[in-house]
Amino acid sequence: MDILVLHSSRFGHTTRIAQRITDRLEEAGHAPELQELGRNTRVDPARHRAVLVGASVRYGYFSRSLWRFAERNAEVLGGMPSAFFGVNLVATKPGKDQVDTNAYTRKFLERTPWQPTVREVFAGELDYPRYNPVDRRLIQLIMSRTGKPTDPTVHEVYTDWDRVDRFAGEFASALVDRD
């Protein structure tokens, strides 16, 4: 497998985005390997020629496993094509949907020693029926402040799938440019 695609997802939507990117990379002639980051914090990126990582924000923070992976592997990742995408509901707001304007993604990239070649942020998914009661209530409070739905039956996907496809294409191009 020439490309390692890692994902950190709480409710599964970031995994679906990572799978879509994996599919696009396969269509471009690459051999990606999709793995969950939370279970593989000790994965060795040096065994691959490129690494792509996607992670979701939960209550304002990316997972500890993402931070540990980035800190532990910054030097290796700096020597190869790499990519990062963040997923959060703040990215549903115009003006908060770019890497430089999305506070969560921007802060991660400013504070991590890893500097990915390609970077992106995607709007996520609001899926109240899937959340446990505590998560549902907390997310409803957050959504009420942003003007998003708070009805506990709402399931809305805000991800721009064409944008996901463009990101996958940009990363595939970065791989070709590097060869």
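Q: What lines the second largest pocket?
A: S8, S9, R10, E36, G38, S56, R58, Y61, F62, S63 and S65 do. Each has an atom within 4 Å of a pocket point, a pocket being an open set on a 1 Å grid with protein on both sides within 12 Å along at least five of seven lines. The model is predicted: local features need pLDDT of at least 70, side-chain atom pairs count only at pLDDT 80 or more, and totals for chains, interfaces and linings use all residues. Residues are numbered from 1 along each chain as its sequence is written; side-chain values use heavy atoms, without hydrogens and water.

Q: How much space lies in the largest pocket?
A: About 590 Å³. The lining has 28 residues. V57, R58, Y59, N88 and L89 lie nearest the centre of the largest pocket.

Q: Which elements give two or more residues to the lining of the largest pocket?
A: Helix 1 (13–27), strand 4 (82–88), strand 6 (125–127) and helix 4 (133–146). Helix 4 gives the largest share, five residues. By class, the lining of the largest pocket holds 11 nonpolar, 10 polar and seven charged residues.

Q: What are the elements of the protein, from the N terminus on?
A: They run β-α-β-β-α-β-α-β-β-α-β-α. That is five helices and seven strands, read from DSSP runs of at least four residues (H or I) and at least two (E).

Q: Why is D127 called buried?
A: Its relative accessible area is 10%, and buried means under 20% (1.4 Å probe, protein chains only). Buried residues make up 47% of the protein.

Q: What does D127 touch, not counting residues up to four places away in sequence?
A: V154 and H155, with contact meaning heavy atoms within 4.5 Å. D127 is in strand 6. Its C-alpha lies 8.0 Å from that of T153, 26 residues away in sequence. Across the protein, 76% of contacts between residues at least 6 apart join residues at least 24 apart.

Conventions. On a 1 Å grid over the protein atoms alone, a cavity is a set of points where a 1.4 Å probe fits but cannot get out, and a pocket is an open set with protein on both sides within 12 Å along at least five of seven lines; lining residues have an atom within 4 Å of a point. Grid points are joined across faces, edges and corners, and a volume is the space filled by probe spheres set on the points. Ala, Val, Leu, Ile, Met, Phe, Trp, Tyr, Cys and Pro count as nonpolar, Asp, Glu, Lys and Arg as charged, and the others, Gly among them, as polar. Buried means under 20% relative accessible area, exposed over 50%, partly exposed in between (1.4 Å probe, protein chains only).
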